[in-house]
Amino acid sequence: MSLEGKTILITGAASGIGAACAATVREQGAYVIAVDRNEPREVLFDQFIRADLSQNDSIDSVAGQIGRRLDALCNIAGLPPTRGRTPVLQVNFIGLRQLTLNLLPVLNDRASIVNLASLTGFGWADQIDQVRALLAVDSLEDVDAFCEQHGVDDARAYFLSKEALVAWTLQMRWKWRDRGIRMNSVSPGPVETPIHQDFLQTLGKRAEEDMLLVERAGRPDDVAPLVAFLCGDGSRWLRGVNIPCDGGMAANILCQSSGLL
Ligand code: NAI
């Protein structure tokens, strides 16, 4: 199904998975609004808005710069654990949520919101107390104190940011049902992008072991077609779903933990 006539805003469109998503949805006919703190080097967009998703003013300026209504919002910008706990939680969850809520008035009815989560968010239900506590954090300014209070270090911050994103996606399943607006998430395993090395550095041996399970790391264009599908009308009955896109790693975790093998 084509994305002809649709306007899609993509955060993180300057690099990696976001850039691949911008290229893919544009090939399928969408008008692309790229939002990033860096200007994309290739022209994969129709409008570029520079914004820093860790800054209130910057986040709050985006809606006013959009000249048209949106049919889809892809929240893809994200920071790896090496960038520090506060920026990671700000960009990957609190800022993402703030931007999404700001943009609701400019979303068309039946719009699709797609969140780029991660396999690292898979264990959200096991961490529900900490996830709930983060969901209750209202503003970017409160993130530092939250980390201090909950003993969250840099590596944990990345996992927690993605756990909260998956949990929030499920929680928002019917939130905007009166307008037909739906939210889903995509959870890749390791993907070869500029931040891949940061993950290997933070996760160390665990990442190496994980990589032995699959024949290769994912590539941005393994993930982009799924994001494009979620933007389009063909996925209209998907709501509050988190879809692994990881060469089978999530299935492997479930099989191992249940003894199914
Ligand atoms: P990337 O580093 O290639 O792209 C991230 C983009 O987000 C960049 O264009 C960057 O400028 C932008 N960004 C970062 N901080 C920002 C801020 N404060 N304001 C505005 N834009 C900002 O990384 P990649 O791998 O493409 O990551 C995209 C998403 O995929 C992230 O949310 C990441 O957590 C997630 N992910 C990545 C995996 C991987 O192995 N690469 C695995 C699973 C999830």
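Which residues in H4 meet H6, and which residues in H6 do they meet? The close-ups below take that up along with other spots in this predicted model.

**View 1. Helix H4 against helix H6.** Helix H4 covers residues 128-135. On the H4 side, the residues that meet H6 are Gln130, Val131, Leu134 and Leu135. Facing them from H6 are Arg156, Leu160, Glu163, Ala164, Ala167, Trp168 and Gln171. Sort this contact by class and you get seven nonpolar, two polar and two charged residues. The two axes are 9 Å apart, and the helices pack at an angle of about 75°. Angles of 65 to 115 degrees count as roughly perpendicular, so that is how H4 and H6 sit relative to each other.

**View 2. Helix H3 alongside helix H6.** Here we have H3, residues 85-103, and H6, residues 154-171. Their axes are 7 Å apart, with a packing angle of about 20°. Anything under 35 degrees counts as roughly parallel, so H3 and H6 get that label. The crossing is right-handed. H3 brings Arg85, Val88, Leu89, Asn92, Phe93, Leu96, Arg97, Thr100 and Leu101 to the contact. H6 answers with Asp154, Ala157, Tyr158, Leu160, Ser161, Lys162, Ala164, Leu165 and Trp168. Taken by class, the residues of this contact are eleven nonpolar, three polar and four charged.

**View 3. Helix H3 passing helix H5.** H5 runs over residues 143-150, and its axis comes within 9 Å of the H3 axis. The two cross at roughly 115°, and this is a right-handed crossing. From H3, look for Arg85, Thr86, Leu89, Gln90 and Ile94. From H5, look for Val143, Asp144, Phe146, Cys147 and Glu148. The contact of H3 with H5 has five nonpolar, two polar and three charged residues.

View 4. What does Tyr158 do here, and how far is its polar side-chain atom from an oxygen atom of the ligand? That distance is 2.7 Å.

**View 5. Ligand nitrogen atoms by Ala51 and Asp52.** For Asp52, the side chain is involved: one of its N or O atoms is 2.9 Å from a nitrogen atom of the ligand. For Ala51, look to the backbone, where a polar atom is 3.5 Å from a ligand nitrogen atom.

Conventions: Residues numbered from 1 in each chain as written. Predicted model: local features only at pLDDT ≥ 70, side-chain atom pairs only at ≥ 80, totals over all residues. Heavy atoms only, no water. Axes fitted to C-alpha atoms, helices over the stretch in contact; angles between N-to-C directions. Helix = DSSP H or I, 4+ residues; strand = E, 2+ residues; numbered from the N terminus. Parallel < 35°, antiparallel > 145°, perpendicular 65-115°, else oblique. Left-handed = near helix turned anticlockwise from the far one by under 90°. Contact = heavy atoms within 4.5 Å. Nonpolar A, V, L, I, M, F, W, Y, C, P; charged D, E, K, R; others polar. Polar contact = N/O pair within 3.5 Å; in protein donor to acceptor, adjacent residues only side chain to side chain.
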